[in-house]
Amino acid sequence: MRNPLSKLPFLFLLIPLIAGILVQYFFKLQYISIALLLTGTTAMLISYLIPKDKQFSWRWLFGVGAILCVSGMGIVITSFKQNQSEYTFKADTRMYVGVVTDTPQEKPRSIAYRVFLPEEDKQIVCYFQRDSLYKNKLLPGDEFLFQASIQPFRNMGNPDDFDYVRYMHNQGFSGSAYVSSDLWKATGKISSSLKYKALRCRQQIMDFYKSLGFNETEYTILSALTLGYQNELTDELKQGFRTTGTVHVLSVSGLHVGIIYMMISFLLGFIRKGTKYYLLKPIIIIILLWIYAFITGLPPSVLRASGMLTVFCMADILGKRSYSMHALFIAAFFMLLISPFSLFDIGFQLSFISVLAILYLHPKTLPLLKTKNKYVKYIWQMFTLSFVAQLATFPICLYYFGTFPTYFFITNLLIVPLVTFITYAVGSIVIVKGISIIMPDWSDYLFYLPVKSLQILVHAMTSIIHFFETLPFALIENVKISFSDLVLIFTMIVSILIFMIYKKTKALSISLIAILLLFISHVYINLTERSNDLIVYNRRQTTEIKYYKEVVRSDDIDRYKAITFNDQKILILSTNLWQQKATDRKLNIDYLILTQNNSLSLYDLNQHLTIRNIIIDGSLSAYTRKRISKECQKLDIPCHDVVENGAYSLKF
């Protein structure tokens with residue numbers, strides 16, 4: 001039987017590469033890479049020495065060697081990236097040389113810069129005081145000197161919280177530093193890296209958008225839609241796109257690059273196939289696509305889409321039959337080869353699986369509705385496109401976010417065409433900009449129509465988003481699933497599709513088994529789930545305590561709150577009730593939770609309470625938490641500071 005991967009050679013290489021990345025990422029077995037590379041290379045060399053009459057029966061030897069070599073490469077590159085993002089800094093304050101690697105992101109109290117340290121070959125995040133950048137704003141590629149103590153990233157330690165440490169590690173960052181206004185200085189040097197030049201170019205285009213008179217909402221949406229810059233989008237606007245299932249349009253990806261590709265192809269439509277100048281068309285398309293990738297700052301999603309379309313164009317130049325699956329697997333292989341941690345990036349996973357579903361399933365769904373009406377046909381194409389993409393990605397969304405947009409199929413039918421029109425309108429502004437250079441006196445008149453069109457289109461988009469997000473049941477929430485659930489759901493979907501497309505009865509049996517296992521696992525979890533745990537969360541400058549599926553927050557505590565669990569006495573205290581009071585009999589408290597009041601004194605409380613354990617929550621100041629911890633040590637009372645040690649979980 002013929003190898004099913006023989007038609008997709010890069011999938012044959014992609015699978016062992018992913019296996020090598022996973023092995024190293026989770027088990028750190030970098031030393032076996034040497035054995036894999038040597039064994040694989042030896043196997044491939046031996047395959048060339050086999051006599052010709054026996055080569056057919058030994059043809060698998062070269063394939064096995066290639067698999068071993070690629071797996072070894074996956075381990076090596078992942079180990080290299082792990083070493084780069086590992087925290088190896090000294091705890092004391094030192095002088096460092098840094099290069100800004102991205103556009104800054106404004107935080108409530110500071111401005112965050114992603115910085116590369118060339119002398120340490122590490123990436124960190126620097127938080128600057130806001131007032132320190134008013135005169136000398138740093139741009140991507142700018143070199144500066146700073147003095148700071150670089151700290152490792154830390155999680156809050158709460159159950160089911162986002163793993164911030166792992167996320168930053170996967171992004172290639174080793175630590176963070178707070179830079180005071182008087183402890184840094186720009187050197188005046190600018191890196192010549194292509195990446196930094198691209199980011200500077202993107203910043204200039206964003207400044208050009210501002211000069212056209214767009215309001216804040218229009219400017220932020222345009223920056224996100226056309227350049228992939230989302231840092232200035234408000235939380236309300238982002239939530240609106242999430243609720244309607246259209247958040248993907250805010251990230252410049254395959255959709256946007258595809259629109260650019262179609263627009264360029266349309267403008268070059270006068271170059272007919274079969275003419276002697278036809279080869280210029282794919283060459284021009286490739287050049288313009290990579291210019292667009294450059295001005296967006298060369299993000300991974302655009303590089304992936306541009307790489308795929310470049311493969312299509314190269315196939316056209318060479319006269320080969322273009323096969324979209326090849327392009328997808330080629331792009332994924334080289335992206336993971338360069339950046340193995342992309343495998344754990346949510347954007348990469350969603351983008352890859354949605355494009356795979358569109359390429360494979362979309363052509364199979366189109367014939368289900370046969371119509372000659374072009375409008376009905378267009379609506380059907382858009383509906384099936386959105387449906388197969390959501391079908392492929394909704395398990396991943398449930399796994400990471402626990403949400404599912406109910407009206408995604410309607411909103412995508414409306415929003416995706418608007419994105420297309422907005423992209424065309426921006427293209428017209430680019431053309432007008434070129435004309436205005438030749439005719440500067442007419443620039444105000446030339447820009448009026450395309451700018452006004454953009455404003456109308458963006459207003460229509462935000463109105464649609466607002467309308468659908470306010471509808472009842474617009475977003476199904478709190479349905480987060482486990483990794484085993486994710487595997488079972490994908491098994492169920494794939495097996496049902498195989499049954500429907502290829503009529504394989506075994507596939508239907510597999511899907512039924514997956515559904516049964518999913519049902520049994522959730523019944524077991526519900527029967528064994530403990531509901532009487534008490535959790536003191538690590539929340540910044542506030543109180544959050546969960547017990548009996550109830551939640552106590554700062555506003556719920558009026559001086560104190562007493563709880564009893566199986567004869568265990570728990571007291572949540574926010575004021576010193578017994579200050580300057582005397583008692584002959586102490587009150588026994590198993591767990592004392594101190595919150596909100598920085599004047600609480602353990603010495604005073606100890607005169608009235610017999611305390612077995614103390615929990616300090618995140619609402620207290622750093623000074624108070626340290627003071628109480630020292631008092632606990634002197635009084636020999638076990639103490640847990642949730643800020644330092646993570647959330648406190650008490651099981652009964």
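## Packing of helices α13 and α14

In this predicted model, helix α13 (residues 374-400) packs against helix α14 (residues 408-438) at an angle of about 120°, and their axes lie 9 Å apart. Axes are lines fitted to C-alpha atoms over the stretch in contact, with angles from 0 to 180 degrees between N-to-C directions. The two helices are therefore oblique to each other; angles under 35 degrees count as roughly parallel, over 145 as roughly antiparallel, 65 to 115 as roughly perpendicular and the rest as oblique.

Contact (heavy atoms within 4.5 Å) involves Y378, I379, M382, F383, S386, F387 and Q390 of α13, together with F408, F409, N412, L413, V416 and P417 of α14.

## Length and two sides of helix α19

Helix α19 (residues 622-635) has 14 residues, which at 1.5 Å a residue should span 20 Å; its end C-alpha atoms are 20 Å apart, in agreement. The expected span is 1.5 Å times one less than the number of residues.

Within α19, T624, R625, I628, E631 and C632 are buried, that is, under 20% relative accessible area with a 1.4 Å probe and protein chains only. These residues cover an arc of only 125° around the axis, which puts them on the same side of α19. On the other side, Y623, K626, K630, Q633 and K634 are exposed, meaning over 50%.

## Surroundings of helix α19

The buried residues of α19 pack against β15 (587-594), α18 (602-606), β16 (609-616), β17 (639-641) and α20 (642-645). Just after α19, D636 takes a positive phi of about 60°.

## Basis of the values

Residues are numbered from 1 along each chain as its sequence is written, and side-chain values use heavy atoms, leaving out hydrogens and water. Local features need pLDDT of at least 70 and side-chain atom pairs count only at pLDDT 80 or more, whereas totals for chains, interfaces and linings use all residues.

Technical notes:
Helices (H or I, at least four residues) and strands (E, at least two) are DSSP runs, numbered from the N terminus. The arc is that of the directions from the helix axis to the C-beta atoms.
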